[in-house]
Amino acid sequence: MDQERILDVAADAETLADRAADWFVAEIAARPGPIAVALSGGSTPKRLYERLARDPWRSALPFDRIHWFWGDERIVPEGDDRRNALMARHALLDHVPVPPANIHAIAADPMAPEDAALAYEAELKRFYRADLPDPARPLFDVMLLGIGSDGHTASLFPGKPSLEVTDRWAVASEPGLEPFVPRVTLTFSAIASSRAVAFLASGADKRLILERVFAGADLPSGRVACAGPVHWFLDEAAMPR
Ligand SMILES: O=C1O[C@H](COP(=O)(O)O)[C@@H](O)[C@H](O)[C@H]1O
């Protein structure tokens, strides 16, 4: 079955971030109990995180119940600006009342990428309290993703072996684009265990790749599936003609 897509096209990147923040709050507000969110790296998601740290969004979020995970990470030292976790801390997590135990970051260098992937997978399984994803009980409540100019999402790059892994939740992966540092990424199987998935992309440099994804090219971003529709928050500059 084809994955259903919902397109939300905003006039510009700032409006896109407002709309994505409204959507995020609505998704979270509907969920009882512990809530699992997977964050992405990238410039467009960063604007969303900055929104979530401010009202009206901040006061609508139950920070004591939200657990923060990442779709991918660059395995560089802890304080390195290229870490997706550091970006999310600076934009959001350092400014809101998050219990430290609710932050489930992927390990940094000097841990070897494969060990970091195994440790992250074990952490996900502990949180989920099972070793196999159950389609009736998604692991993530909200999965936020970006798209690179080559069509990658998380750190699932075109043509790389990580795309074919089906028996793991997280693996080490090699980048196809800068920064050329080792990565850890969720696999498609883990991403598919999400109640709601949203891509965020803005700017004219994303338009060509989005054109290819929407035309059905076999690119990692186009392979993302989940039980519900996949939302695409774009601005007009990124929207294919
Ligand atoms: O390397 C990465 O790139 C993608 C896309 O980022 P963008 O800055 O081009 O929007 C991002 O989704 C991913 O998390 C990150 O590690």
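In this predicted model, glutamine 3 touches Ala225 and Val230, leaving aside residues up to four places away in sequence. Glutamine 3 lies in the segment before β1, the strand spanning 5–10. The residue counts as partly exposed because 14 C-beta neighbours fall inside 10 Å, whereas burial would take 20 or more. Glycine 79 is 76 residues from glutamine 3 in sequence. In space, the two are 38 Å apart, C-alpha to C-alpha.

The chain contains seven helices and nine strands. Its radius of gyration is 16 Å, close to the 18 Å that the globule rule gives for 241 residues, so the chain is as compact as a globular protein of that length. Along the principal axes, the C-alpha atoms fill a box of roughly 45 × 40 × 40 Å. Buried residues account for 43% of the 241 residues. Contacts between residues at least 6 apart in sequence were also examined. Of these, 77% join residues at least 24 apart.

Helix α3 covers residues 84–91. Its buried residues are Asn84, Ala85, Leu86, Met87 and Ala88. The cover over these buried residues includes helix α2 (43–52). Strands β2 (35–39), β3 (66–70) and β4 (72–74) are also part of that cover.

The ligand is surrounded by 14 residues. The closest are Ser40, Gly41, Gly42, Gly146 and Gly148. By class, the shell around the ligand divides into eleven polar residues, two nonpolar and one charged.

Technical notes. Residues are numbered from 1 along each chain as its sequence is written. This is a predicted model: local features need pLDDT of at least 70, side-chain atom pairs count only at pLDDT 80 or more; totals for chains, interfaces and linings use all residues. Helices (H or I, at least four residues) and strands (E, at least two) are DSSP runs, numbered from the N terminus. A residue is buried if 20 or more other C-beta atoms lie within 10 Å of its own, exposed if 12 or fewer, and partly exposed in between; C-beta atoms are placed from the backbone. Two residues are in contact if their C-beta atoms, placed from the backbone, lie within 7 Å. A residue is near a molecule or strand if its C-beta atom, placed from the backbone, lies within 6 Å of it. Ala, Val, Leu, Ile, Met, Phe, Trp, Tyr, Cys and Pro count as nonpolar, Asp, Glu, Lys and Arg as charged, and the others, Gly among them, as polar. The radius of gyration is taken over C-alpha atoms; the globule rule is 2.2 Å times the number of residues to the power 0.38.
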